Amino acid sequence: MIDRHLWLPRLAVMSLVCSLLLVSFGCGRKAPPRVPNAQPLPVVRNLTVSVNEATVVLTWEMAPLERRLAKDARFALYRDELPLSAEPCSTCPPRFQLVAQVAYDPQAAQGASGRVFTYSETIVGGSRYRYQVALRLDNGRQGEPSKTVEVMLD
């Protein structure tokens with residue numbers, strides 16, 4: 001017969017070992033869900049930025065999309081804002097926030113390497129702004145972001 005005083009500590013040790021095994025051998029790296037066998041969405045090309053007084057104008061190009069994608073597509077515009085007084089930090093990741101969404105227009109003007117799209121907004125002086133644009137579908141699926149463009153306004 002097992003002594004009751006020895007059985008309880010053994011149960012506690014076995015529970016601890018099982019918990020540690022579950023934690024250390026979990027299902028692996030966590031990542032956002034991906035649609036199986038889905039082709040990657042096109043990436044925005046030739047993103048440029050210009051400033052006219054306090055208005056920032058972003059311009060980019062996108063290859064024409066298939067009709068089934070075009071009806072559900074829009075562009076997600078992300079901005080990171082830092083005061084000019086902040087010390088530049090090359091190792092700090094940008095803190096992009098979604099600021100606008102622009103519908104994909106299959107009838108947009110044709111540029112050198114695709115349809116041309118624009119977005120403008122008024123910004124406040126004394127800050128450094130960084131922007132990225134990514135193609136996004138209505139189902140939440142999003143392509144890789146464009147290169148980053150930066151503008152400073154005194």
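**Notes on salt bridges and aromatic pairs**

1. Glu-121 counts as buried, at 12% relative accessibility. Here buried means under 20% relative accessible area, exposed means over 50%, and partly exposed is what lies in between (1.4 Å probe, protein chains only). The areas themselves come from the Shrake-Rupley method with a 1.4 Å probe, and for residues only the protein chains shown count as cover.

2. Before going further, a word on the basis: this is a predicted model, in which local features need pLDDT of at least 70 and side-chain atom pairs count only at pLDDT 80 or more, while totals for chains, interfaces and linings use all residues. Residues are numbered from 1 along each chain as its sequence is written, and side-chain values use heavy atoms, with hydrogens and water left out.

3. For the overall layout, the chain has two helices and seven strands, in the order α-β-β-α-β-β-β-β-β along the sequence. These elements are DSSP runs numbered from the N terminus: helices are H or I with at least four residues, strands E with at least two. Of the 154 residues, 29% are buried. The accessible surface of the chain is about 11,000 Å², with 57% of it belonging to carbon and sulfur atoms.

4. Back to Glu-121: which residue does its side chain meet in a salt bridge? The partner is Arg-79, at 2.8 Å from N to O. This pair links distant parts of the chain, with Glu-121 in strand 5 (residues 115–122) and Arg-79 in strand 3, 42 residues apart. Arg-79 is partly exposed, at 22% relative accessible area. The rule used for a salt bridge is a side-chain nitrogen of Lys or Arg within 4 Å of a carboxyl oxygen of Asp or Glu, and it gives a count of six.

5. Arg-74 makes a salt bridge with Asp-138, where the closest N and O atoms are 2.4 Å apart. Arg-74 sits in strand 3 (residues 73–83) and Asp-138 in the loop between strand 6 (127–137) and strand 7 (149–153), so this pair ties together parts 64 residues apart in sequence. Asp-138 is exposed, with 51% relative accessible area.

6. Another salt bridge joins Asp-72 and Lys-71, with 3.5 Å between the closest N and O atoms. Asp-72 is partly exposed at 27%, whereas Lys-71 is exposed at 63%.

7. On to the rings: the structure holds five aromatic pairs. One of them, Trp-60 with Phe-75, is edge-to-face, at 5.3 Å centre to centre and 70° between the planes. Trp-60 is in strand 2 (residues 55–62) and Phe-75 in strand 3, 15 residues apart. Both Trp-60 and Phe-75 are buried. Tyr-104 and Phe-117 form a tilted pair, at 5.3 Å centre to centre and 40° between the planes. Tyr-104 lies in the loop between strand 4 (97–103) and strand 5, and Phe-117 in strand 5, 13 residues apart. Rings of Phe, Tyr and Trp (its six-membered ring) pair if their centres lie within 6.5 Å; planes under 30 degrees apart are stacked, over 60 edge-to-face and the rest tilted.

8. Tyr-104 is buried, at 6%, and Phe-117 is buried, at 5%. Together, Trp-60, Phe-75, Tyr-104 and Phe-117 form one aromatic cluster.

9. Finally, Ser-146 is placed in the loop between strand 6 and strand 7, yet it is buried, at 4%. Leaving aside residues up to four places away in sequence, Ser-146 touches Val-43, Val-44, Leu-47, Gln-132 and Val-133, a contact being heavy atoms within 4.5 Å.
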